[in-house]
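Please read them with the model open.

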Amino acid sequence: MKKTTNSILLLMLVFGVAQGQFTGIGTIQPKSRMHVNGTAWFQGDNTPLAANAGAGIGIGFGPGGSGGYIFAWDYTSFTSRNLWLNHTGGSVMVGSVGTPLAKFEVQGNGMRAIYANTNTSEGLNANSSGGHGVIATSTAFIGLYAVSTAPANAGVLAEGRYIGVQGTATGSDVNRQAVRGQLDGNVPGGTAGTFVGNTAVFGTLSKTAGAFLIDHPTEPATKFLYHSFVESPDMKNLYDGVTTTDANGFSTVKMPGWFEALNMDFRYQLTVIGQFAQAIVLEELFGNQFVIKTDKANVKVSWQVTGTRHDPYANENRIPLEKAKAPNEIGKYIYPKGYGRSTNDLLDILKPTNLSSTATPSSEKLPGNK
């Protein structure tokens, strides 16, 4: 009898008991409808169930033996339902152990950490009211790779109360780039980057060409107007104006109080207007003013003055007139086509990022959709 009792107790500990509406497995004191003490192991595919099974959680074996899955499903209406993980608090970790670094942490361990794909809305929508919405890190390739195949939509849409997108390039590569815009394809038009609103650059802006683009002043409905920038080998500032000399042929042109603190190496141009007369710069710039003298009285004079910046930033960041190419840049070009070279001779810094290892995977058969 004692042996039989011990056997019954052992079975109760191993297989559990049913107490009222509570069922326990591995415990004789179940605390809920189903209480499992220890590791639960599910093998085989539990779907599909009968059509009147209602809504619940499905746990089964993946298609073709690829792994296990958990999903929320309603067999009565044959529709998917929501699945909540740790909705009361705590973090969810995939592929990692130890202290979590975020509310949802995924360690890729040699492959993509997260792959988000949709054909109706955002692939990934991350919202945070106190920290970063998304932190994507890769020690071998691209931290975050986002693609949108829908026309007139963005691969990445970022919004912030202070900074919408910030790019920081660390490391020692001479070609490192904090933010890069690459315009691909053979279709005319498009831009590598578009800024709508005021744009600030704190540093040197380098370009191969520059222009302003506006609606054509006289034909705004049908045309645009382009003007090229004025270029100079120096960090040049240009000022101009019109003055009229007095009865003795003198005119003192006063410049702003900061003029000589900003500029040096002045150049002058004078043009008399409305009559034949001679005009000279009688006294060069000193004390933020200069004096014009004409050989006749009351002569209208158009003047132009240029100066070269010598403020602290300009003095420490002079733009070189010529710059030798680095060893890894020799034989490579910003515009190889113009010199009869192929795109293989493009500077490395201008070559598109290699995305071959981030090709979009083929669609996978989702659990429950058999």
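1. N288 counts as buried because its relative accessibility is 16%; buried means under 20% relative accessible area, exposed over 50%, and partly exposed in between (1.4 Å probe, protein chains only). N288 sits in the loop between β14 (279-283) and β15 (289-294). Helices (H or I, at least four residues) and strands (E, at least two) are DSSP runs, numbered from the N terminus. Beyond its neighbours within four places in sequence, N288 is in contact (heavy atoms within 4.5 Å) with V253, K254, M255, P256, G257, F259 and E260.

2. A word on the source. This is a predicted model, in which local features need pLDDT of at least 70 and side-chain atom pairs count only at pLDDT 80 or more, while totals for chains, interfaces and linings use all residues. Residues are numbered from 1 along each chain as its sequence is written, and side-chain values use heavy atoms, with hydrogens and water left out.

3. Now the aromatic pairs. The whole structure holds 11 of them. Rings of Phe, Tyr and Trp (its six-membered ring) pair if their centres lie within 6.5 Å; planes under 30 degrees apart count as stacked, over 60 as edge-to-face and the rest as tilted. Y239 and W258 form a tilted pair, 6.5 Å centre to centre, with 50 degrees between the planes. This pair links distant parts of the chain: Y239 is in strand β11 (residues 236-244), and W258 is in the loop between β12 (250-254) and α2 (259-262), 19 residues apart. Y239 counts as buried at 17% relative accessibility. W258 counts as partly exposed at 45%.

4. How is the aromatic pair of F259 and F266 arranged? The two rings are stacked, 5.5 Å centre to centre and 20 degrees between the planes. F259 is buried, at 0% relative accessibility. F266 is buried too, at 17%. F259 is also one of the contacts of N288.

5. F71, W73, Y75 and F78 form one aromatic cluster.

6. Two lysines lie over rings. A charge sits over a ring if NZ of Lys or CZ of Arg is within 6 Å of the ring centre and within 35 degrees of the ring normal. The charged end of K293 sits over the ring of F250, 5.2 Å from its centre. K325 lies over the face of Y333, 4.8 Å from the ring centre.

7. Finally, I57. This residue belongs to strand β4 (residues 55-61). I57 is exposed, with a relative accessible area of 52%.
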